[in-house]
Each structure stands twice: as structure tokens, then as C-alpha cells.
Amino acid sequence: MPSSDWQPSRSSVWAWVGYDLANTIFALGVIGLYLPQWIVENDLADSALSLATGGAGLVVAFLAPWVGTRTDHRGNRIGALAMTTGMAVCGSALLAVGPVLLTMFIFGVSLIGFHVGSAVYDSLLLDVSTPETRSRVSGMGVALGYLGSFIGLGIGTLVLEVGGGYPAVFRSLAVGFAVFSLPAFFLIQPAPRPPVQGDPPRLRRIIADLFRSWKTTRQYPNLTRFLVGRFCYTDTVNTLIGGFLAIYATEEVGLTTPQVTVLLGGAIAASMGGGFLGGRLAERLGPGRGLRLILGLWVVTIALGVTAALSGAAWLIWVAGLSGGVSLGGLWATDRVVMTGLSPPERVGEFYGLYATVGRFAAVLGPLLWGFIVDVLGMSRHAAMISLMLIGLTALWVLRGINPGAAYEAASPDEESGGNIMETDPPSAPLGT
């Protein structure tokens, strides 16, 4: 840890915050909107996006903790961040310029670079903040991240209006990602910390630690239930914001590309208010109850989207966009509070590794389930949406009665921890986790 009298420079703080804006340009512009629209225009099956997203997520689930621990040992987080960002930027610039299958493969590689880089970026929060300023700096990153969403929408809209086409959109988004991320590579100054003894762990050690940590959570029943519930609701969230929402709104509700852009813009704006709402609910009602109320709104949002498509009442999708934005902002504001309250202080870093990995595996299963329902079973996208709604209801059932105040009712573990997987604070991720 940094020494008690150490203070980060302002340039380090703002360079770190600016990177959140940069990678959100990619997250919304490429992942959430324009790549799905390109898939629709090329008449590709939904499973094309499912396989690319799910395959990349599976790699990230194991690779990100391993990269994180190696950067802890080597102390070169900036180098790892530059390398993974380069993967995402170069991949984005090459999208839609070759055969369709090549584009989907490059997209998968870009996703791996993006998500592994996000894990490295989150760990850099320790280098740009003190315990007293950590929440404030993280919140600044979230706020500018939403601004990056609007920049991504603006870039894509402008390029398409001048007739540039999707290849030009992806190249422009890549430039935006690169330009806003550059200060992080040159201005962030690592905090002083003692070197980590021993050799960096090998990949198989990371996998073993994951299983050991999951086994340990059984000594904290509320924590295990929360992680299972979190897997369920992040499965629904990551599936929709990972591109399938844009496909559903275009193909089933009948919105045009500009209308989908406006819908996402409204949802992003609403999510800012949702973050404040989630925080207030957690304060007034308790984190567990606040999380369940917000999750209930998310389930209602999915139901509104299905109703809009089946009934032809397209106006309902605009209501769903606003309620979805509120619920997304609220979810990310409350679930980290619940996780912190349920984790024993001496193992919070270790269990946040599981917290992050649960989100990664959910990002694998959700898209694959969607593709299986639509392309393998031959059912409609409405059925896929309803399956997500049922998974959200399952999360509500699993999370019933969760009380963070009861985190330490279980006996303290006698056995030694298998090692922290990712010693980081909770990530700041406005679009998903």
C-alpha cells in the first residue's frame, strides 16, 4: 500500500478519470450500438454476436485475474493497460473492412483487450487516490464515463449522417478511444508500494484460487446467496447492453437507427439519476432492500420492452428506456454496497475477485442463452427476452431477505485464504460489469 504521507498528483487523477471516458466510447459505441446494427444490416444470426461475446467473456474470466496478479508482482500496470487498450483500439479500427467472419473474430479479440484492460484500469484507482478520496475519484470516473457514452453516440451519428458507413464509424470510435486514453499512459504516476515477494502466479494457480475462494464463501451464507443472485441479474444486464438490446429494438420494435441512438442517449441520462436514487434507497431502506427494489424495476423494464414489441405500442419502449436507465444506475450504486457489507474485512479483496468473475461468467452465459433460444431452438427474440425476465425474477427470489448487517454471523474461517485474486476496490463501470 502507498505510504501514509503519499498524495497522488492532479495530473494522475485526471488522466485516470479521462480513461474512463475513453473506454466508454468503445463500450457504448462499438459493443452496445454500432456493431449490433452492422450485424443486422448484414443479416447475420443473433448467435454470431452470442459466440463472439461469450467466447471473449470466457477468456476474460480467467485471463483478467491472472493479468492483474502479474501486474501486482511486476508493478507495471501502465504497460499492461497500454497493451490491452491497443488490442481494443486496433481491433475496432479493423471492424467491417474484411469478410464477415473475420470481423466477428476481430471483435472478439477487441472485447478481450477491452475487458482485461478495464480490470487493470480499475486496479490503478489505488495509484490515483487515497482512502479518503477513493470514493470521490471513482465517482468522477463514473460521471465522465457517461459523458464518453454521449461522445460515442455523437461520433457515430455524425459519421453516418455524412455517409461514411460503418467501417468509418468504427475507425472514428477507435480514434476517440485512443485520443482520450493517451494521457493515462504518460501522466499516471504509480504510488510507492513495497515489492511483492516471489514469482508471479501461473494461470493454473489463479484458477485454483478461484475455486478455493468460492468454497470459502459457504462460510458466509448471505455472501454466497448474493453472488448467485448477482450472477442472475448481471446475466440479464450484460446480455442486453452487450448488443442485443439494439438488435431487439431495431428488429422487433421497429425503431430506426437514429431512434435507437436517441433511446440509448435517454437511457444514459436516466442512469445518472438512477445512481443517486440507488444511493438514497440504500441509505433509507438498507442496501439489500434497495437492491431488490431496483432489481424489480429492471424486471418491469424488460416486461415493458416485450409488451412494446408484441402489442405494437412502440411508445412503451421509450418508457422502458428511461426506466431501464434508472434501474441500471441504481443497480451499480447498490450492489457494490451490498457486496462490501457482506464481505469480512480481512477478505474483501479476495471476495471482490469472485464478484468480478461472477460478472464475467454471466457475460458468457447470457449471450449464449440468447443465441441458443433464437438460432438453435428457432424461437422468437420475444422468448429470449422473456427468459431474461425470468432470470431476473430468479435473482429476486435468491436475494430475498439478504441483510448485509448479518455478514459476520458465520464463524470466522480457520483455514488460511488461498490468496487474493484481485486486490482492488470495486470497479467503476457505468455500463455494466
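**Setting values against cut-offs**

Tutor: With a relative accessible area of 12%, Cys232 is buried; keep in mind throughout that this is a predicted model.

Student: What makes Cys232 buried?

Tutor: The relative accessible area of Cys232 comes to 12%, and the label buried is given under 20%, so Cys232 qualifies as buried.

Student: Why is Cys90 called partly exposed?

Tutor: Cys90 has a relative accessibility of 48%, and because partly exposed covers what falls between the 20% limit for buried and the 50% limit for exposed, Cys90 takes that label.

Student: How many disulfides are counted?

Tutor: The count is zero disulfides, where a disulfide would need a pair of cysteine sulfur atoms within 2.5 Å.

Student: What does the pair of Trp16 and Tyr121 tie together?

Tutor: Trp16 belongs to helix α1 (residues 10–41) and Tyr121 to helix α4 (residues 100–123), so the pair ties together parts that lie 105 residues apart in sequence. Trp16 is buried at a relative accessible area of 1%, and Tyr121 is likewise buried at 1%.

Student: Which residues form one aromatic cluster that includes Trp16 and Tyr121?

Tutor: The cluster is formed by Trp16, Tyr19, Phe26, Phe114, Tyr121, Phe177 and Phe185, in a structure that holds eight aromatic pairs.

Student: Why is helix α9 called oblique to helix α11?

Tutor: Helix α9 (residues 257–285) packs against helix α11 (residues 315–342) at an angle of about 40°, and their axes are 5 Å apart. Angles under 35 degrees would count as roughly parallel and those from 65 to 115 as roughly perpendicular, so about 40° makes α9 oblique to α11. The crossing in which α9 passes α11 is right-handed.

Student: What makes the phi values of Asp43 and Ala96 worth a remark?

Tutor: Most residues other than glycine have a negative phi. Asp43, however, has a phi near 55°, and Ala96 has one near 65°, each a positive value in a residue other than glycine. Asp43 is found in the loop between α1 and α2 (46–74), whereas Ala96 lies in the loop between α3 (77–94) and α4.

Student: Are Asp43 and Ala96 buried or exposed?

Tutor: The relative accessible area of Asp43 is 70%, and because exposed means over 50%, Asp43 is exposed. For Ala96 the relative accessible area is 14%, and because buried means under 20%, Ala96 is buried.

Technical notes: Residues are numbered from 1 along each chain as its sequence is written. This is a predicted model: local features need pLDDT of at least 70, side-chain atom pairs count only at pLDDT 80 or more; totals for chains, interfaces and linings use all residues. Side-chain values use heavy atoms; hydrogens and water are left out. Rings of Phe, Tyr and Trp (its six-membered ring) pair if their centres lie within 6.5 Å; planes under 30 degrees apart count as stacked, over 60 as edge-to-face and the rest as tilted. Helices (H or I, at least four residues) and strands (E, at least two) are DSSP runs, numbered from the N terminus. Buried means under 20% relative accessible area, exposed over 50%, partly exposed in between (1.4 Å probe, protein chains only). Axes are lines fitted to C-alpha atoms, for helices over the stretch in contact, and angles run from 0 to 180 degrees between N-to-C directions. Angles under 35 degrees count as roughly parallel, over 145 as roughly antiparallel, 65 to 115 as roughly perpendicular and the rest as oblique. A crossing is left-handed if the near helix is turned anticlockwise from the far one by less than a right angle, and right-handed if clockwise.
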